[in-house]
Amino acid sequence: MSLTLIPLLLLPALQSDFDLDGNFPQLEPALEVWRTNHGQEWQVRWDRGTGQAEVLFGYNAAAPFEPADESDWFGLTRAWTFEAGPLLGIHPGELVNGEVSFLPLGMANGTDKMSVELRQEIGGVPVEGGFVNALFNTQGSLLSLANTTLPGLTGASSSPSIDETAAIARAQRFFRAETRLTPTSVSEPELLFARLEDHGRAYGRLAWRVQVLAERSGFEPQGAIYMISADDGAFLRREEAIHNLFDVTGRIDCLATAGIGSNDTVTSETPLPVPFLRVVSSAGTVDTDADGNFNISGVNSAVNLTVSFLGDYSNVNNDQGIDYSVSFNNVQPNQANVLVMNSSPTEFLTAQANAFIHNGVVRDFIVSTSPGDTHGDFTVVSNVNLNDNCNAFYNGSSTNFFTSGGGCSNTAFSNVVAHELGHWLNSRYSTGNGGDGMGEGNSDVWAMYIYDTPIVGHGFFNGTGQIRNGTNTRQYCGDGNGGCYGQVHADGEVWMGAAWKVRAALQGNLGNVLGGQTADQLFMGWMNGYNQTQIDSIIEIQWLTLDDDDGAIGNGTPNYQEINSGFLAQGFPGYDLPFVVISGVTQLPDVPDNQGPYTVQATIVAGINPPLAGAMLHYSWSGTGYFQAPMTLVGPDLYEAQIPDFQGAAIVSYYISGTDSGGQSGSFPDGAGADPLTFNVGTRVVVADHDFESGAGGWSVGAPNDATTGTWEVGNPIGTAAQPEDDHTTVGTNCWFTGQGSNGGSLGENDVDGGTTTLISPVFDLSGGTAQQLTYWRWYSNQTGAAPQADTLLIDLSSDGGASWIAAEVVGPSGNQTTGGWFEHSINVASVLTPTANMRLRVRASDLASGSVVEAAFDDFEASYLVDPSSCPAPSTYCVGSPNSFGMGAFMSVGGSQNVDNNNFDLMVSGAVPGQFGLFYYGDAAASVPTGAGVRCVGGSLFRLSVLVIDPLGGAQVGLDFPSLPVGGGISNGETWYFSFWFRDPGFGGSTFNFANGAEVQFCP
């Protein structure tokens, strides 16, 4: 027996530097290079098992040339794979040409695309699941790169130490020990690199793949595929070889719905055309077409014909006697002959007919949906009428169906045939039949899509009931949680349910015919364009990329709503479209002194609800609160604004927001003010810099330190699923970490247990300068064990040498930074306490609850401040702007030189009521007095500037002319003044006027 090879992945230990969202910070620079070259809209989905990009998607990259033939498509794919090498982690020499497929998505409701597959091989030995799949438009623009290769295999030996005979012997021994059965057949061993996993990290070994079967009449078939080490014959992995229709012991919820059913659901058989049937005659042999038509040309006299259920695409064997065959004699030429096989049907004859017809239906679905697709062009061997009941199965070389009895119909009918053949096709398309339910679920998708019904196996139980239903509500358990329901058919319901709901939504929007065609095109495009072996949320990204029509899925795809709703209904996370796409944002560099104003540009597009209604630059000096500056259009989708000049050293933070015509907004970075872009103004002075490569660096273990195990130590950690293998320092090995285990030891061998362990820094001086900041990298894991995510990592600051402490950061007990991985954190010291010359930091890791595995690590600590290029502090905002009839509130900001002698200082406001009168005013004191519909934020002696009209966007601006200020309101260097804005707001809040917040400004020479 010869089985289709399923390549296997071999992988070195995964880099540990990743976060919960699947990001790998050490690869972000490579992603930025790609985005710089090809557009900021490109996105990456990372593969946690390999630490490399699983799919690069979201935009398009123009081809350097337009491909003309297959060799051009392979060459183009290799060129893109080489450029994306730092993200994909694959050596080009390990890739061999696979397939080039034309995806006729334009036949339905999309645009045609090309898929190119490269396979990974090491020394001529394939790697399991190792593919690079490139998706292009027909002009050659790259739309996505999907990567399932295994990095780190260069130089691996492909020569086995044990031969095929030894591999067969080992497989038979494993099978007998497992089943107590004698094998009836063993496949020819196949050499490959097998992918294995340990705590979610992929690694691999050279292996023999051997299938062992025991098939006996009257007994449930048994079979397994064994991965056996080609080095020493050790057992590596086992897979099911028998893929049954359903498990008898499982539970099935039966719903009586219309659809294609078993033979027991009809009163009598109906004549149906038999496709792709071999017709043997005295005048030659021909095949029927997809509609059952045959033509024997060049004959003008009667002929005798013989047919059986045999053809190029199907060979049906009857287990209850001889295979059916019939002869038609004296068939006349030049007339429409209608010849009926098995004219006196019985259960056993009908089963043979059903298997043959529906094998042909499946093949016809493939070629009619995707012309040129040859994956269905093989002879399907179907064994029917096996002497058992209530099941059907695929064993790697045939599909098999049982007789009626035991409360069940004969299982050779309609989409039961399609389901079992779907298993075979899963293997031929390299999707496989993985144990997480992907094989069962995708086989159900074949059955549902081909027959346009959510029901699999309608009437399976003597004409009633069903096996599974695509309208199920089985919810997705999350990426990395495959097989969460403990049984492959239940697990598969997640994917088959999502796929059906996508189809139903498409048909609801486009109509049954066009909607069904669109679903079929997407499904077949996906089968050809990707080698997805697991149920994962990445499937939706793949479908959206196939559906896209302009090379940018960020602005939606023609059928985004239908696709996304289908996945959401099944519990998948969905794919959120950015309503406002912001890219190409100016990255301002550090400067030693004030060089403003600082110009910031960005490309901003309203992708879903165009046009863009407005854009805003938000900026802040060392945590003073954010000012706002409206951005103006200076080119096609290009917006610009300035961060004004100011006196004083500072960490300047800024981000950009945009709002579309539907009121939806977006920001860059995504975290807006919580995760802004930054640059330093001033000279940076580092007072402490510890990477621990030379030892403790003055840090020590302090009180409390009552943990029974897992106390802090410095050195090179031995990695586990909870503790890092590598420190964070780029060139280095050492860090502080909690408890060293032994090589190969258990996960909780020396984790934090029974109390708290404390790490304390030496004293460092932050009494000088301004913008004092601490940065460090930390690792924390509390997600494993019997009672996970019950503890926290506490980081505290002291300004009196450790006599007292105040909390600066709390990590946990849950969240995206409690599952391991190195994370950088910065502390603005002044926001926690007043910086002094006696600063210390401490880190406390505890296991105060029962059963959790707690590990922590700490590295690359730095304490610094900025030296002022002048003595003048930056302006700050205070008080509160109140909601008004235009929006959430008017916002006051200032800009320009704080030196009065320069006479270059501006007052600005945004968010006021368009078209109304307003004026700027100032005073020598701050206030917070509720007045009108808002709060007056300025007190003391008040001075007004000229009345003006607020512009259509709610903004106003005026430059202070210091020589011409109101009498008594003169401003001199060395003074501090307070500014705000008053404006008319008729009828809002029962008053006629409102206020902006306040801005405090010190003027300096």
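**Cysteines and their links**

Mentor: Let's start with cysteine 735, which is buried because its relative accessibility is 0%; buried means under 20% relative accessible area, exposed over 50%, and partly exposed in between (1.4 Å probe, protein chains only). Keep in mind that this is a predicted model, where local features need pLDDT of at least 70, side-chain atom pairs count only at pLDDT 80 or more, and totals for chains, interfaces and linings use all residues. Residues are numbered from 1 along each chain as its sequence is written, and side-chain values use heavy atoms, with hydrogens and water left out.

Now the links: searching the whole structure turns up three disulfides, meaning pairs of cysteine sulfur atoms within 2.5 Å.

One of them pairs cysteine 390 with cysteine 408, sulfurs 2.0 Å apart. The S-S torsion there is about 100 degrees, so this disulfide is right-handed. Cysteine 390 sits in the loop between β19 (380-386) and β20 (392-394), and cysteine 408 in the loop between β21 (399-402) and α6 (414-428), so the pair ties together parts 18 residues apart in sequence. Helices (H or I, at least four residues) and strands (E, at least two) are DSSP runs, numbered from the N terminus. Cysteine 390 is buried at 11%, and cysteine 408 is buried at 2%.

Cysteine 477 and cysteine 484 are joined too, S to S 2.0 Å, and their link is right-handed, with 75 degrees about the S-S bond. Cysteine 477 is partly exposed at 33%, and cysteine 484 is partly exposed at 36%.

Then there's cysteine 879 with cysteine 937, also 2.0 Å S to S, but left-handed at -75 degrees. That pair links distant parts of the chain, 58 residues apart: cysteine 879 is in the loop between β44 (876-878) and β45 (891-896), cysteine 937 in strand β48 (residues 934-944). Cysteine 879 is partly exposed at 27%, whereas cysteine 937 is buried at 0%.
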